[in-house]
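I opened this model to look up a few local features. My notes follow in the order I took them.

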Amino acid sequence: MLSLKNQDTVFINEEDKNDDLKLIVLLILTFSLPYDLFYSSILFITFCALTLLNLKKSYLKRIPKQFWVFQGIYFLGVIGYFYSLHKSDAGFLLERQLTIFLMPIIIPISIKITSERLKKMLEVLTISCLIAIIYLFINMSYTIYTVLHLPFVKTVFSGAFFNHQFSRPLDIHAGYLSLYVALSIIYLVTFTIKQKFGLKIIIASICLVILLAGLLFLASRNAIISTLFVLIFVFPFYHVTNKLRYLIVSTLLLFAVFFLVKKVPYLNTRFSIELISEIKSTGNGEFINYSATEPRIKRWECAMDLIKESPAFGYGTGDEIEMLKTRYAIKGLFISYLENFNTHNQYLSFWVKNGFIGLIIFISLFFYYIYLAIKNRDFMYLSFLLLLMIGFYTENILDANKGILFFAIFNTFFGYSALSAINKTKV
């Protein structure tokens with residue numbers, strides 16, 4: 001028979017093995033984010049199943065008291081369900097957002113959240129994004145050389161392989177892939193600046209250049225603007241000792257980006273004419289049709305018309321698109337009507353669905369997350385939140401599967417890690 005001491009060792013080792021197995025599944029789930037949603041769905045179900053199979057009562061103690069704050073966005077959707085006129089649409093959205101409810105419970109009872117494991121999550125995301133971007137560049141080169149037989153440089157910068165055309169081979173929206181790439185770039189910058197000159201910094205710098213090139217070809221305005229904002233204005237307060245030198249380098253980088261944008265016709269148009277037309281109407285109330293779809297400002301105006309009629313409580317979860325379509329028809333936004341476009345603004349979306357009260361709660365939740373990041377001096381968590389909050393300006397990130405899963409996984413991991421560190425300082 002085993003002694004009690006040996007039995008304890010066996011149990012501990014068995015627990016560690018289960019913990020490691022679930023961590024591996026979570027890491028693979030993180031790796032799958034830039035790829036087909038099917039893989040992410042299967043891996044999420046596997047992760048939940050493994051957690052439930054190895055569940056112990058003692059694991060429940062790992063869940064922090066503030067877990068409900070990380071589920072708050074889901075609760076807003078549930079509240080809106082009860083006065084929604086389109087219950088089936090509301091139910092479908094709540095089903096999609098279920099990971100926002102589950103992750104704050106499943107992750108802590110599945111694995112111990114540590115700063116080292118958070119670092120592994122970021123490393124895996126970075127590697128995955130790097131592979132995705134390299135694949136997209138190879139696919140683009142193959143198409144130009146082998147399929148189209150066109151001059152490479154001229155075709156590359158013609159605009160035919162930017163934005164959604166660039167990300168199409170992976171069947172992922174360019175905006176969501178840009179979010180993952182942007183967070184990976186910021187992580188790589190923090191990694192690189194801590195290294196002494198050597199092989200690691202050379203490899204990291206090459207990876208950084210590839211990801212930056214990928215971000216440029218993805219041409220997501222929000223992601224590029226928010227990445228530059230974080231690296232130029234936020235990063236120096238956390239990781240830079242020689243701020244003057246960093247300011248000079250970052251300014252040169254900014255000028256380099258402006259130069260590229262100016263010289264590439266597609267980017268020049270996207271970041272000037274199209275950007276202005278997206279957010280500003282002309283003086284006579286009409287919009288300039290620079291692109292095939294109506295600019296976002298027209299959908300925002302429709303959303304504001306709806307908000308004026310029900311400002312306090314909104315129309316309910318699942319009612320956003322159907323209510324917007326009534327305005328699209330009146331204002332002649334036929335593409336938005338036929339394509340069932342939402343507001344393309346997360347803040348207005350919550351205002352339409354949950355009213356001003358819901359919007360305030362939504363913003364308050366993010367202010368709490370920001371408080372945790374600043375309190376813990378967690379630059380990566382703050383960067384993650386800023387990427388999302390700037391992205392919310394033109395996208396309903398938390399209504400799409402790829403955005404929901406990204407938020408649910410990393411906000412839980414970042415937030416719980418910050419809570420743990422803050423609680424340790426209080427002891």
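I looked up glutamate 320 and found it buried, at 5% relative accessibility. Buried means under 20% relative accessible area, exposed over 50%, and partly exposed in between (1.4 Å probe, protein chains only). I am working on a predicted model, where local features need pLDDT of at least 70, side-chain atom pairs count only at pLDDT 80 or more, and totals for chains, interfaces and linings use all residues. Residues are numbered from 1 along each chain as its sequence is written, and side-chain values use heavy atoms, with hydrogens and water left out.

**Salt bridges**

The side chain of glutamate 320 meets that of lysine 353 in a salt bridge, 4.0 Å from N to O. I noted lysine 353 in helix α20 and glutamate 320 in helix α18 (residues 320-331), 33 residues apart. Lysine 353 is buried at 4% relative accessibility. A salt bridge here is a side-chain nitrogen of Lys or Arg within 4 Å of a carboxyl oxygen of Asp or Glu. Helices are DSSP runs (H or I, at least four residues), as are strands (E, at least two), numbered from the N terminus.

I searched the whole structure and got eight salt bridges. One of them joins arginine 117 to aspartate 19, with the closest N and O atoms 2.7 Å apart. Arginine 117 lies in helix α7 and aspartate 19 in helix α1 (residues 4-31), so the pair ties together parts that are 98 residues apart in sequence. Arginine 117 is buried at 13%, and aspartate 19 is buried at 8%. I also found Asp19, Asp20 and Arg117 linked in a network of salt bridges.

Next I checked glutamate 395, which forms a salt bridge with arginine 296 (2.8 Å, N to O). Glutamate 395 sits in the loop between α21 and α22 (401-426) and arginine 296 in helix α17 (residues 296-309), so this pair ties together parts 99 residues apart in sequence. Glutamate 395 counts as buried at 17%, and arginine 296 at 12%.

**Cysteines**

How many disulfides does a search of the whole structure find? I got zero, taking a disulfide as a pair of cysteine sulfur atoms within 2.5 Å. For cysteine 129, the nearest cysteine sulfur is that of cysteine 207, 12 Å away. Cysteine 129 is buried at 0% relative accessible area. Cysteine 207 is buried too, at 17%.

**Backbone**

I then looked at phi. Most residues other than glycine have a negative phi. Aspartate 171 has a positive phi of about 55°. It lies in the loop between α9 (164-167) and α10. Aspartate 171 is exposed, at 62% relative accessible area. Arginine 377 has a positive phi of about 50°. I placed arginine 377 in the loop between α20 (346-375) and α21 (379-391). Arginine 377 is exposed at 54%.

**Surface patch**

Ile79, Tyr83, Phe313, Ile357 and Ile361 form a nonpolar patch on the surface, with about 470 Å² of accessible area together. Patch residues have over 30% relative accessible area and no salt bridge; like charges are joined within 9 Å, nonpolar side chains (Val, Leu, Ile, Met, Phe, Trp, Tyr) within 5 Å. Areas come from the Shrake-Rupley method with a 1.4 Å probe; for residues, only the protein chains shown count as cover. Tyrosine 83 is in the loop between α4 (72-81) and α5 (87-96). I logged tyrosine 83 as partly exposed, at 32% relative accessibility.
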